[in-house]
Amino acid sequence: MRVTQSMLAANSLRHLSKSYSNMQKYQDQLATGKKINRPSDDPVVAIKGMFYRTNLTEVEQYKRNLNEAYQWMESSEQGIEHATQVTQRIRELVVQGQNGSNSPEDLKAIAVEIGQLKEDLAGVANTQVAGRYIFNGTKTDGKPVTVNADGTLTFDQNTEAFNVEVSKGVQLKVNVNPTNVFGEDFFNTIQSIEDALNSGDMSNGDQLLGDLDNHFDVMSAERSEIGARYNRLEMIDSRIQDQEIIANRILSENEDADLERVITDLTIQESIHRASLAVGSKVIQPTLIDFLR
(Lines give C-alpha, C1' and ligand atoms only; values in the text may rest on other atoms or scores of the structure.)
Protein backbone atom coordinates (compact mmCIF):
# COMPACT_ATOMS: atom_id res chain seq x y z
CA MET A 1 0.00 0.00 0.00
CA ARG A 2 1.37 3.37 -1.04
CA VAL A 3 1.24 5.98 1.77
CA THR A 4 1.25 9.56 0.55
CA GLN A 5 1.77 12.86 2.28
CA SER A 6 -1.92 13.72 1.87
CA MET A 7 -2.94 10.51 3.64
CA LEU A 8 -0.70 11.33 6.58
CA ALA A 9 -2.12 14.84 6.76
CA ALA A 10 -5.74 13.61 6.54
CA ASN A 11 -5.22 11.02 9.30
CA SER A 12 -3.57 13.61 11.49
CA LEU A 13 -6.48 16.02 11.05
CA ARG A 14 -8.99 13.22 11.74
CA HIS A 15 -7.27 12.30 15.00
CA LEU A 16 -7.12 15.96 16.02
CA SER A 17 -10.84 16.33 15.38
CA LYS A 18 -11.55 13.25 17.53
CA SER A 19 -9.34 14.69 20.25
CA TYR A 20 -11.36 17.90 20.18
CA SER A 21 -14.58 15.87 20.48
CA ASN A 22 -13.26 14.01 23.53
CA MET A 23 -12.24 17.24 25.22
CA GLN A 24 -15.65 18.73 24.51
CA LYS A 25 -17.34 15.69 26.08
CA TYR A 26 -15.30 16.02 29.28
CA GLN A 27 -15.81 19.78 29.38
CA ASP A 28 -19.58 19.31 29.04
CA GLN A 29 -19.58 16.76 31.87
CA LEU A 30 -17.56 19.10 34.04
CA ALA A 31 -19.84 22.07 33.31
CA THR A 32 -23.16 20.23 33.79
CA GLY A 33 -22.11 17.62 36.36
CA LYS A 34 -23.94 14.95 34.30
CA LYS A 35 -22.63 11.85 32.58
CA ILE A 36 -24.71 12.49 29.47
CA ASN A 37 -26.20 15.59 27.89
CA ARG A 38 -28.19 13.85 25.16
CA PRO A 39 -29.68 10.34 24.89
CA SER A 40 -27.21 9.38 22.17
CA ASP A 41 -24.32 9.76 24.64
CA ASP A 42 -25.48 6.64 26.52
CA PRO A 43 -28.95 5.22 25.67
CA VAL A 44 -28.92 2.85 28.67
CA VAL A 45 -28.30 5.67 31.15
CA ALA A 46 -30.94 7.80 29.40
CA ILE A 47 -33.63 5.09 29.60
CA LYS A 48 -32.89 4.33 33.25
CA GLY A 49 -32.95 8.07 33.97
CA MET A 50 -36.44 8.39 32.50
CA PHE A 51 -37.65 5.53 34.72
CA TYR A 52 -36.01 6.94 37.86
CA ARG A 53 -37.37 10.44 37.17
CA THR A 54 -40.88 9.01 36.81
CA ASN A 55 -40.56 7.37 40.23
CA LEU A 56 -39.27 10.60 41.73
CA THR A 57 -42.14 12.59 40.18
CA GLU A 58 -44.65 10.16 41.71
CA VAL A 59 -43.04 10.53 45.13
CA GLU A 60 -43.17 14.33 44.86
CA GLN A 61 -46.87 14.17 43.95
CA TYR A 62 -47.57 11.92 46.94
CA LYS A 63 -45.82 14.49 49.14
CA ARG A 64 -48.18 17.19 47.84
CA ASN A 65 -51.12 14.87 48.51
CA LEU A 66 -49.83 14.32 52.03
CA ASN A 67 -49.73 18.06 52.64
CA GLU A 68 -53.36 18.31 51.57
CA ALA A 69 -54.29 15.38 53.81
CA TYR A 70 -52.54 17.05 56.74
CA GLN A 71 -54.51 20.26 56.14
CA TRP A 72 -57.82 18.40 56.06
CA MET A 73 -57.14 16.31 59.14
CA GLU A 74 -55.66 19.11 61.22
CA SER A 75 -58.51 21.47 60.31
CA SER A 76 -61.07 18.74 61.03
CA GLU A 77 -59.51 17.94 64.39
CA GLN A 78 -59.42 21.63 65.27
CA GLY A 79 -63.08 21.99 64.31
CA ILE A 80 -64.07 19.01 66.47
CA GLU A 81 -62.05 20.35 69.39
CA HIS A 82 -63.83 23.69 69.11
CA ALA A 83 -67.19 21.94 68.90
CA THR A 84 -66.48 19.95 72.07
CA GLN A 85 -65.54 23.14 73.92
CA VAL A 86 -68.74 24.84 72.78
CA THR A 87 -70.77 21.78 73.74
CA GLN A 88 -69.20 21.81 77.17
CA ARG A 89 -70.12 25.48 77.54
CA ILE A 90 -73.71 24.74 76.50
CA ARG A 91 -73.87 22.00 79.12
CA GLU A 92 -72.70 24.44 81.79
CA LEU A 93 -75.41 26.88 80.72
CA VAL A 94 -78.08 24.15 80.87
CA VAL A 95 -76.99 23.23 84.38
CA GLN A 96 -77.11 26.91 85.28
CA GLY A 97 -80.57 27.20 83.74
CA GLN A 98 -81.85 24.32 85.88
CA ASN A 99 -81.16 26.37 88.98
CA GLY A 100 -84.56 27.24 90.39
CA SER A 101 -83.39 30.69 91.44
CA ASN A 102 -83.25 31.97 87.83
CA SER A 103 -85.83 34.49 86.76
CA PRO A 104 -87.48 34.31 83.31
CA GLU A 105 -85.19 37.13 82.18
CA ASP A 106 -82.14 35.16 83.35
CA LEU A 107 -83.28 32.11 81.38
CA LYS A 108 -83.81 34.20 78.25
CA ALA A 109 -80.33 35.66 78.64
CA ILE A 110 -78.92 32.14 78.81
CA ALA A 111 -80.99 31.25 75.74
CA VAL A 112 -79.48 34.18 73.85
CA GLU A 113 -75.97 32.96 74.58
CA ILE A 114 -76.87 29.42 73.53
CA GLY A 115 -78.30 30.83 70.29
CA GLN A 116 -75.00 32.55 69.59
CA LEU A 117 -73.12 29.36 70.35
CA LYS A 118 -75.40 27.49 67.96
CA GLU A 119 -74.57 29.91 65.14
CA ASP A 120 -70.88 29.61 66.02
CA LEU A 121 -71.11 25.83 65.62
CA ALA A 122 -72.81 26.32 62.27
CA GLY A 123 -69.89 28.48 61.22
CA VAL A 124 -67.41 25.81 62.24
CA ALA A 125 -69.45 23.22 60.32
CA ASN A 126 -68.85 25.35 57.20
CA THR A 127 -65.06 25.38 57.63
CA GLN A 128 -63.20 25.55 54.32
CA VAL A 129 -59.71 24.46 53.30
CA ALA A 130 -58.48 25.82 49.96
CA GLY A 131 -62.05 26.85 49.13
CA ARG A 132 -63.58 23.42 49.87
CA TYR A 133 -65.93 22.51 52.70
CA ILE A 134 -64.25 19.81 54.78
CA PHE A 135 -67.34 18.79 56.77
CA ASN A 136 -69.51 17.87 53.78
CA GLY A 137 -68.13 14.59 52.50
CA THR A 138 -67.40 14.62 48.77
CA LYS A 139 -69.75 17.57 48.18
CA THR A 140 -66.99 20.03 48.92
CA ASP A 141 -68.50 22.88 46.91
CA GLY A 142 -71.67 23.25 49.00
CA LYS A 143 -72.37 24.43 52.54
CA PRO A 144 -73.41 21.62 54.87
CA VAL A 145 -75.26 24.02 57.20
CA THR A 146 -77.01 27.25 56.20
CA VAL A 147 -78.19 29.80 58.76
CA ASN A 148 -81.44 31.34 57.54
CA ALA A 149 -82.56 34.90 58.20
CA ASP A 150 -85.02 33.77 60.89
CA GLY A 151 -82.29 31.90 62.75
CA THR A 152 -83.33 28.43 61.62
CA LEU A 153 -80.85 26.05 60.04
CA THR A 154 -80.98 24.19 56.73
CA PHE A 155 -78.90 21.04 56.32
CA ASP A 156 -77.41 19.61 53.13
CA GLN A 157 -74.84 17.17 54.46
CA ASN A 158 -72.94 14.55 52.50
CA THR A 159 -71.43 11.65 54.44
CA GLU A 160 -69.31 10.04 51.71
CA ALA A 161 -65.61 9.50 52.43
CA PHE A 162 -63.20 11.99 50.86
CA ASN A 163 -60.12 9.93 50.01
CA VAL A 164 -56.64 11.10 49.06
CA GLU A 165 -54.05 8.86 47.43
CA VAL A 166 -51.08 9.13 49.78
CA SER A 167 -49.04 6.28 48.32
CA LYS A 168 -49.15 3.98 45.32
CA GLY A 169 -52.50 2.21 45.53
CA VAL A 170 -53.20 3.55 49.05
CA GLN A 171 -56.28 5.73 49.54
CA LEU A 172 -56.71 7.37 52.95
CA LYS A 173 -59.90 8.97 54.24
CA VAL A 174 -59.11 12.52 55.36
CA ASN A 175 -62.55 13.82 56.37
CA VAL A 176 -64.97 13.02 59.19
CA ASN A 177 -68.62 12.04 59.17
CA PRO A 178 -70.32 15.44 59.53
CA THR A 179 -73.46 13.94 61.06
CA ASN A 180 -71.37 12.70 63.99
CA VAL A 181 -70.09 16.18 64.76
CA PHE A 182 -72.47 18.75 63.28
CA GLY A 183 -75.50 16.59 62.59
CA GLU A 184 -79.08 17.81 62.43
CA ASP A 185 -79.96 15.90 65.62
CA PHE A 186 -77.21 17.77 67.48
CA PHE A 187 -78.50 21.17 66.40
CA ASN A 188 -82.09 20.08 67.14
CA THR A 189 -81.01 19.28 70.72
CA ILE A 190 -79.45 22.75 71.06
CA GLN A 191 -82.61 24.30 69.60
CA SER A 192 -84.73 22.38 72.12
CA ILE A 193 -82.55 23.72 74.93
CA GLU A 194 -82.90 27.26 73.60
CA ASP A 195 -86.70 26.91 73.29
CA ALA A 196 -86.99 25.51 76.81
CA LEU A 197 -85.02 28.42 78.25
CA ASN A 198 -87.07 30.96 76.34
CA SER A 199 -90.30 29.39 77.59
CA GLY A 200 -88.99 29.27 81.16
CA ASP A 201 -89.78 25.55 81.40
CA MET A 202 -86.69 23.46 82.19
CA SER A 203 -88.59 20.42 83.45
CA ASN A 204 -86.98 18.26 80.76
CA GLY A 205 -83.50 19.64 81.51
CA ASP A 206 -82.12 16.27 82.59
CA GLN A 207 -83.21 14.65 79.34
CA LEU A 208 -81.67 17.49 77.33
CA LEU A 209 -78.44 17.11 79.28
CA GLY A 210 -78.45 13.37 78.54
CA ASP A 211 -78.95 14.02 74.81
CA LEU A 212 -76.16 16.61 74.89
CA ASP A 213 -73.82 14.17 76.61
CA ASN A 214 -74.57 11.54 73.96
CA HIS A 215 -73.61 13.97 71.22
CA PHE A 216 -70.47 14.85 73.15
CA ASP A 217 -69.48 11.17 73.32
CA VAL A 218 -70.01 10.76 69.57
CA MET A 219 -67.81 13.81 68.93
CA SER A 220 -65.07 12.38 71.12
CA ALA A 221 -65.22 9.05 69.29
CA GLU A 222 -64.96 10.82 65.93
CA ARG A 223 -61.99 12.81 67.20
CA SER A 224 -60.28 9.60 68.36
CA GLU A 225 -60.82 8.04 64.93
CA ILE A 226 -59.30 10.96 63.07
CA GLY A 227 -56.39 10.90 65.52
CA ALA A 228 -55.74 7.26 64.63
CA ARG A 229 -55.82 8.07 60.91
CA TYR A 230 -53.48 11.02 61.52
CA ASN A 231 -50.96 8.66 63.16
CA ARG A 232 -51.13 6.40 60.12
CA LEU A 233 -50.64 9.43 57.86
CA GLU A 234 -47.45 10.33 59.73
CA MET A 235 -46.09 6.81 59.22
CA ILE A 236 -46.86 6.99 55.50
CA ASP A 237 -45.20 10.42 55.38
CA SER A 238 -42.04 8.99 56.95
CA ARG A 239 -41.98 6.16 54.40
CA ILE A 240 -42.50 8.60 51.50
CA GLN A 241 -39.58 10.71 52.73
CA ASP A 242 -37.36 7.63 52.78
CA GLN A 243 -38.49 6.77 49.25
CA GLU A 244 -37.64 10.29 48.08
CA ILE A 245 -34.11 10.03 49.53
CA ILE A 246 -33.59 6.66 47.85
CA ALA A 247 -35.01 7.87 44.51
CA ASN A 248 -32.74 10.92 44.51
CA ARG A 249 -29.70 8.81 45.38
CA ILE A 250 -30.41 6.29 42.59
CA LEU A 251 -31.00 9.08 40.09
CA SER A 252 -27.75 10.75 41.13
CA GLU A 253 -25.78 7.51 40.80
CA ASN A 254 -27.24 6.96 37.34
CA GLU A 255 -26.78 10.46 35.89
CA ASP A 256 -24.28 12.47 37.92
CA ALA A 257 -20.69 12.46 36.73
CA ASP A 258 -17.72 11.60 38.95
CA LEU A 259 -16.13 15.06 38.87
CA GLU A 260 -12.75 13.88 40.15
CA ARG A 261 -12.56 11.29 37.37
CA VAL A 262 -13.79 13.78 34.77
CA ILE A 263 -11.09 16.29 35.76
CA THR A 264 -8.45 13.56 35.56
CA ASP A 265 -9.69 12.38 32.15
CA LEU A 266 -9.83 15.95 30.86
CA THR A 267 -6.25 16.60 32.01
CA ILE A 268 -5.05 13.41 30.31
CA GLN A 269 -6.96 14.27 27.13
CA GLU A 270 -5.43 17.75 27.07
CA SER A 271 -1.95 16.20 27.30
CA ILE A 272 -2.80 13.79 24.49
CA HIS A 273 -4.16 16.65 22.41
CA ARG A 274 -0.99 18.70 22.85
CA ALA A 275 1.10 15.71 21.78
CA SER A 276 -1.14 15.21 18.75
CA LEU A 277 -0.73 18.85 17.78
CA ALA A 278 3.05 18.57 18.10
CA VAL A 279 3.16 15.43 15.93
CA GLY A 280 0.70 16.88 13.44
CA SER A 281 2.77 19.99 12.99
CA LYS A 282 5.73 17.84 11.92
CA VAL A 283 3.64 15.66 9.61
CA ILE A 284 1.73 18.44 7.86
CA GLN A 285 4.53 21.02 7.69
CA PRO A 286 6.92 19.41 5.11
CA THR A 287 6.27 20.27 1.47
CA LEU A 288 8.18 19.76 -1.78
CA ILE A 289 9.74 23.21 -1.37
CA ASP A 290 11.25 22.09 1.93
CA PHE A 291 13.17 19.34 0.16
CA LEU A 292 14.31 21.56 -2.72
CA ARG A 293 16.16 23.99 -0.46
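A crossing of two helices is left-handed if the near helix is turned anticlockwise from the far one by less than a right angle, and right-handed if clockwise. In the predicted model described here, local features need pLDDT of at least 70 and side-chain atom pairs count only at pLDDT 80 or more, while totals for chains, interfaces and linings use all residues. Residues are numbered from 1 along each chain as its sequence is written, and side-chain values use heavy atoms, with hydrogens and water left out.

**Helices H3 and H5**

Helices (H or I, at least four residues) and strands (E, at least two) are DSSP runs, numbered from the N terminus. Two packed helices are described by the angle between their axes and the distance between the axes. For helix H3 (residues 104-125) and helix H5 (residues 184-199), the angle is about 160° and the axes are 8 Å apart. Here axes are lines fitted to C-alpha atoms, for helices over the stretch in contact, and angles run from 0 to 180 degrees between N-to-C directions. Angles under 35 degrees count as roughly parallel, over 145 as roughly antiparallel, 65 to 115 as roughly perpendicular and the rest as oblique. H3 and H5 are therefore roughly antiparallel to each other. H3 passes H5 in a left-handed crossing.

Contact means heavy atoms within 4.5 Å. On the H3 side the residues that meet H5 include Leu 107, Ile 110, Ile 114 and Leu 121; their counterparts in H5 include Phe 186, Phe 187, Ile 190 and Leu 197. By class, this contact of H3 with H5 has 11 nonpolar, three polar and three charged residues. In that count Ala, Val, Leu, Ile, Met, Phe, Trp, Tyr, Cys and Pro are nonpolar, Asp, Glu, Lys and Arg are charged, and the others, Gly among them, are polar.

**Strands and loops**

Two strands pair if DSSP finds at least two bridges between them. Strand S5 (residues 163-167) and strand S6 (residues 170-173) run antiparallel and are joined by four bridges. Asn 163 has Lys 173 in S6 as its bridge partner, and Val 164 has Leu 172. The hairpin has two residues between the strands, and Gly 169 takes a positive phi near 80° there.

Ala 130, in the loop between strand S1 (128-129) and strand S2 (132-133), also has a positive phi, of about 55°, although it is not a glycine.

**Accessibility of selected residues**

Buried means under 20% relative accessible area, exposed over 50%, partly exposed in between (1.4 Å probe, protein chains only).

| Residue | Relative accessible area | Class |
|---|---|---|
| Asn 254 | 10% | buried |
| Arg 229 | 11% | buried |
| Glu 77 | 26% | partly exposed |
| Ala 130 | 70% | exposed |

Asn 254 is found in helix H6 (residues 205-255). Leaving aside neighbours within four places in sequence, Asn 254 is in contact with Lys 35, Val 45, Lys 48, Gly 49 and Tyr 52.

Glu 77 belongs to helix H2 (residues 43-97) and touches Arg 223 and Ile 226, not counting residues up to four places away in sequence. Glu 77 and Gln 98 are 21 residues apart in sequence and 32 Å apart in space, C-alpha to C-alpha.
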